[in-house]
Structures are given as structure tokens and as C-alpha cells.
Amino acid sequence: ATVTFDKVRTEREGYQAALTKIELDRQRGLLVEKAGVERQAFEAARLLRDRLLALVPQIAGELASMTDERDIAVLLRDRIKSVLMETSQDVRVGGADLPE
């Protein structure tokens, strides 16, 4: 298995072309930094968790006085849906900061 100069040069040119394509894609906004995406995903998940947990004391009194299973399900579904919709509006795609 002899390595020739032409083979090495062809391989190097292939790598250079790949790096050039990556840089062009980054400049066009087709690529994003992994760390930034991970940070935003973490922040979005934390925001949703906090809002869902805050929902419990907000509706506990109402639930305690309810006896109809269907009414309880409707209240829970409506309030959870509201939190999900509100959070989806607050979490913006495209790198916007999340609310604190």
C-alpha cells in the first residue's frame, strides 16, 4: 500500500473542499453552533418545567373543590395547554434569547 503524492494531494483537496462548503453553509445560516443550540434547548426545557410546576399551586384550590372527573380533566387539559401555548410563543426559533 504505497501512498503517492497525487493520492495525498487529492485527499487534501477533498478536505479543503469540505471545509469550504462548511464555512459557506455557516455564513448562509445553514449551520449553527452545537453549544448554543444545547443551551437554548436546556433553557426552553427549564422554562417549561418551571411554568408547569407553578401551575400546581395555582389550580390546587379549584381542583380540591371539584368532584366530577370530566371537569377535572377539562380544567387540567385547558391549563396545561395554556402553559404550553404561552411557552411556545416565548421560545423563539432563530437564536432569540429566552425569558429569564
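**Surface, fold and selected residues of a predicted helical model**

The protein exposes about 8400 Å², of which carbon and sulfur atoms supply 58%. Accessible areas were computed with the Shrake-Rupley method and a 1.4 Å probe; for residues, only the protein chains shown count as cover. The model is predicted: local features need pLDDT of at least 70, side-chain atom pairs count only at pLDDT 80 or more, and totals for chains, interfaces and linings use all residues. Residues are numbered from 1 along each chain as its sequence is written, and side-chain values use heavy atoms, with hydrogens and water left out.

The protein contains 3 helices and 0 strands. Its elements run α-α-α from the N terminus on. The radius of gyration is 25 Å, well over the 13 Å that the globule rule gives for 100 residues, so the protein is more spread out than a compact globule. This radius is taken over C-alpha atoms, and the rule is 2.2 Å times the number of residues to the power 0.38. Helices (H or I, at least four residues) and strands (E, at least two) are DSSP runs, numbered from the N terminus. Along the principal axes, the C-alpha atoms fill a box of roughly 80 × 30 × 15 Å.

Of the 100 residues, 11% count as buried. Buried means under 20% relative accessible area, exposed over 50%, and partly exposed in between (1.4 Å probe, protein chains only). Among contacts with a separation of 6 or more, 61% come from residues 24 or more positions apart. A contact requires heavy atoms within 4.5 Å.

Charged side chains number 16 positive and 18 negative, and the centres of the two sets lie 5 Å apart. Lys and Arg count as positive, Asp and Glu as negative; His and the chain ends are not counted. Each charge is placed at NZ of Lys, CZ of Arg, CG of Asp or CD of Glu.

Helix α1 spans residues 5–27, 23 residues in total. Its first and last C-alpha atoms are 33 Å apart, close to the 33 Å expected at 1.5 Å a residue. The expected span is 1.5 Å times one less than the number of residues. Gly29 follows α1 and has a positive phi, near 85°. Lys7 lies in α1 and is exposed, at 52% relative accessibility.

Helix α3 (residues 69–90) includes Asp90. Asp90 is partly exposed, with a relative accessible area of 23%. Asp90 and Leu47 are 43 residues apart in sequence, yet 9.4 Å apart in space, C-alpha to C-alpha.
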